[in-house]
Amino acid sequence: MTTAHHPHHPHDTPDLFALSDILGPVLRPTDDGYADEVTGFNLAARHIPDVVVGATTPGDIVAAMRWAAATDTPVAVQGTGHGANFPIDNGLLINTSRMTDVQIDPTQRTATIAAGAKWRHVLDAAAPYGLAALNGSSTDAGVIGYTLGGGLPILGRAYGYASDLVRSFHVVTPDATLRETDATHEPELFWALRGGKGNVGVVTSLVTELIPLSSILGGGIYCAGEHAEPLLRAWADWAPTVPTQMCSAFTLLRLPPLPAIPEPLRGRFWARVAIVWTGDPADGRRLLDPIRSAAPVVFDTVDEMDYTDVDSIYAEPQDPLPARESCTLLAELTPEAIDTLLAHAGPAAPPDYPLLIVELRHMGGALARTIATEDAICARDASHLLETVAVVPSPEAAEAVETATAALNTAMAPYGTGRSMVNIHGRPGNESDRARAWTPEVYNRLRRDKATYDPKNLLRYGHTVTPMPA
């Protein structure tokens, strides 16, 4: 559903006078600061919108959407750009990165989070009250985009999806109306915003519950990549037996020789089990014995830590880079599935195997529970999530990455649920590819909601659905 690319001439951009009451910058491709305004964390997609608005208030977003609706201009939204895997080649980009306000209500244990805030902003604001939030493996990611996709937290087995804790949204729908929605006010809109991504509006803020948690046992157990098989098989047997307070993942890491990567890990192939344990630390340490004895351990970073130090567990890159990710939800991690994964990405893979991260996240626990207020998440039946990440520095590298990504996901498909998670899906393909993030029933319901709230399909960039025909 991309719109046709066209050259950028002054007459291509409709009159911008209607945007003159926006407080933030309004920039076109020839303006100073345009490149910085359109560039997000993921550099794989180069954005060249006709106009970019640096929103500073909900009013800026309303004005931008009013102009887009009046001029029939397609709209994209970017906070941090971690999910920027789809190039925006015309239209209007709303950059929310200036809107980072976080308000904590320690009595209600809630946070009111503005459109461009990162999880780091939330954790730092919540920590003085002994509270934490359901962030993912990097707190550099934006709260809103992550939560609209459901949000798979590193504490997921213990507490569920990030969107499970959302109480309400403020959202600007494509008719330029600022609405508040919760389980009882416009419940269909509330449903679509929890797992349906940004298909029905532009969220200006949300209110979410926080969890009473100030410290965890967390870190990684690293073995040389040549020992991947015994470590993976031990983890696969162990993970279903431990309490839901144990959240873990198995990762094959092929780390490039980059200065940003710590010296002992740099430029080597590793097998790792990453863990977060929310119970008594002594109990957590005892539970890890089968993992530590499965293969020779080179590094063990598992320790008690403040929850604000959670980024050290997965140790994801902090600097922008061109990334290609993908995921497949698995119904069951069978011995045959393990054989298949190792055959493609294990020690026997070629030295130049291009997928830097091949990770299995243990699901289940609170991620499998049915919640009181239904949502658009379609991953509750998965036992594991398989994620791949590659860095794509050049078009030549892209071909090898695409080949390896497709080969692994195709080989693992017999063990899958047939679906992906929208946030980790990677660059969305055709309509049937996009639809894999949801069941057919949920996908059609999202299309009906799209027809209600965005009948002109203004929000057509990224992982979108097409409006159901009238």
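Colleague: Why are H7 and H11 called roughly antiparallel to each other?

Modeller: In this predicted model, the axes of H7 (residues 228-238) and H11 (residues 335-345) cross at roughly 150°. Angles over 145 degrees count as roughly antiparallel, so H7 and H11 are roughly antiparallel to each other. Their axes come within 11 Å, and H7 passes H11 in a right-handed crossing.

Colleague: Which residues of H7 and H11 meet?

Modeller: On the H7 side they are Ala228, Glu229, Leu232, Arg233 and Ala236. These meet Pro335, Ile338, Asp339, Leu341 and Leu342 in H11. The residues of this contact divide into seven nonpolar, no polar and three charged.

Colleague: What makes H11 and H12 roughly antiparallel to each other?

Modeller: Again it is the angle. H11 and H12 (residues 395-412) pack at about 165°, with their axes 10 Å apart. With the cut-off at over 145 degrees, H11 and H12 are therefore roughly antiparallel to each other. The crossing of H11 and H12 is right-handed.

Colleague: Which residues make the contact of H11 with H12?

Modeller: H11 contributes Ala337, Thr340, Leu341 and His344, and H12 contributes Ala407, Leu408, Ala411 and Met412.

Colleague: Why is Met412 called buried?

Modeller: Buried means under 20% relative accessible area. Met412 has 0%, so it is buried. Met412 lies in helix H12 and touches Leu330, Ala337, Thr340, Leu341 and Leu386, leaving out residues up to four places away in sequence. Its C-alpha atom is separated by 38 Å from that of Thr204, 208 residues apart along the chain.

Colleague: What makes Arg179 a buried residue?

Modeller: The relative accessible area of Arg179 is 18%. The cut-off for buried is under 20%, so Arg179 counts as buried. Arg179 lies in strand S9. Apart from neighbours within four places in sequence, Arg179 is in contact with Phe169, His170, Val171, Thr173, Glu186, Leu189 and Tyr453. The C-alpha atoms of Arg179 and Val203 are 24 residues apart along the chain and separated by 9.3 Å.

Colleague: How do you know that the span of H14 agrees with its number of residues?

Modeller: H14 (residues 440-453) has 14 residues, which at 1.5 Å a residue should span 20 Å. The expected span uses one less than the number of residues. The end C-alpha atoms of H14 are 20 Å apart, so the two values agree.

Colleague: Which residues of H14 are buried, and what do they pack against?

Modeller: The buried residues are Val442, Tyr443, Arg445, Leu446, Arg447, Asp449, Lys450 and Tyr453. They pack against strand S8 (166-173), strand S9 (177-182), helix H6 (187-193) and helix H13 (431-434). Tyr453, one of the buried residues of H14, is also in contact with Arg179.

Colleague: How do you know that Ala76 is buried?

Modeller: Ala76 has a relative accessible area of 5%. Under 20% means buried, so Ala76 is buried. Ala76 lies in strand S3 (residues 75-78). Not counting residues up to four places away in sequence, Ala76 touches Ile88, Leu92, Leu93, Ile94 and Tyr461. Ala76 and Val298 are 222 residues apart in sequence and 45 Å apart in space, C-alpha to C-alpha.

Notes:
Residues are numbered from 1 along each chain as its sequence is written. This is a predicted model: local features need pLDDT of at least 70, side-chain atom pairs count only at pLDDT 80 or more; totals for chains, interfaces and linings use all residues. Side-chain values use heavy atoms; hydrogens and water are left out. Axes are lines fitted to C-alpha atoms, for helices over the stretch in contact, and angles run from 0 to 180 degrees between N-to-C directions. Helices (H or I, at least four residues) and strands (E, at least two) are DSSP runs, numbered from the N terminus. Angles under 35 degrees count as roughly parallel, over 145 as roughly antiparallel, 65 to 115 as roughly perpendicular and the rest as oblique. A crossing is left-handed if the near helix is turned anticlockwise from the far one by less than a right angle, and right-handed if clockwise. Contact means heavy atoms within 4.5 Å. Ala, Val, Leu, Ile, Met, Phe, Trp, Tyr, Cys and Pro count as nonpolar, Asp, Glu, Lys and Arg as charged, and the others, Gly among them, as polar. Buried means under 20% relative accessible area, exposed over 50%, partly exposed in between (1.4 Å probe, protein chains only).
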